[in-house]
Amino acid sequence: MQEMNRLIRSEARRWAVPLWAVAEGLGISEATLTRRLRRELPPEEVARMLKVIEELSAEKGGKHED
């Protein structure tokens, strides 16, 4: 089975931003974020999540894991 929302998951992993922090940045619970990631999201919501990941990574110095 293909992992849903692979881009969000891989970017969070790449920039070492935990999903609970992404959820917090979105103002939702980690459980809600996890449930949302079970299905493909609309492009607007994906963009919003990627922006939160970018902001969180910048706050910690923008270090990523290769």
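How many Å should the 17 residues of H4 span, and how far apart are its end C-alpha atoms? At 1.5 Å a residue, H4 should span 24 Å, and its end C-alpha atoms are 24 Å apart, so the two values agree. This is a predicted model.

- Helix H4 covers residues 43-59.
- Its buried residues are Glu-45, Val-46, Met-49, Val-52, Ile-53, Leu-56 and Ser-57.
- Seen down the axis of H4, these buried residues fall within an arc of 130°, so they line one face of the helix.
- An α-helix has 3.6 residues a turn, so residues three or four places apart point the same way.
- The face of H4 turned away from the buried side carries exposed residues: Pro-43, Glu-44, Lys-51, Glu-54, Ala-58 and Glu-59.
- Helix H1 (6-14), H2 and H3 are among the elements that cover the buried residues of H4.
- Just after H4 comes Gly-61, with a positive phi of about 100°.

**Ser-57, a buried residue of H4**

- Ser-57 sits in helix H4.
- Is Ser-57 buried or exposed? Its relative accessible area is 6%, under the 20% cut-off, so Ser-57 counts as buried.
- A polar atom of the Ser-57 side chain lies 2.9 Å from the backbone oxygen of Glu-54.

- Helix H2 covers residues 19-26, and its buried residues are Ala-21, Val-22, Ala-23 and Leu-26.
- The cover over these buried residues includes helix H3 (30-36) and H4.
- Gly-25 belongs to helix H2.
- With a relative accessible area of 48%, Gly-25 is partly exposed, because that class lies between 20% and 50%.
- Just after H2, Gly-27 takes a positive phi of about 80°.

**Where H2 meets H4**

- At what angle do H2 and H4 pack? The angle is about 110°, and the axes are 9 Å apart.
- That angle makes H2 roughly perpendicular to H4, because angles of 65 to 115 degrees count as such.
- On the H2 side, the contact is made by Ala-21, Val-22, Gly-25 and Leu-26.
- On the H4 side, the contact is made by Arg-48, Met-49, Val-52, Ile-53 and Leu-56.
- Gly-25 and Met-49 are 24 residues apart along the chain, and their C-alpha atoms are separated by 8.7 Å.

Notes. Residues numbered from 1 in each chain as written. Predicted model: local features only at pLDDT ≥ 70, side-chain atom pairs only at ≥ 80, totals over all residues. Heavy atoms only, no water. Helix = DSSP H or I, 4+ residues; strand = E, 2+ residues; numbered from the N terminus. Buried < 20%, exposed > 50% of the residue type's maximum accessible area, 1.4 Å probe, protein only. Polar contact = N/O pair within 3.5 Å; in protein donor to acceptor, adjacent residues only side chain to side chain. Contact = heavy atoms within 4.5 Å. Expected span 1.5 Å × (residues − 1). Arc of directions from axis to C-beta. Axes fitted to C-alpha atoms, helices over the stretch in contact; angles between N-to-C directions. Parallel < 35°, antiparallel > 145°, perpendicular 65-115°, else oblique.
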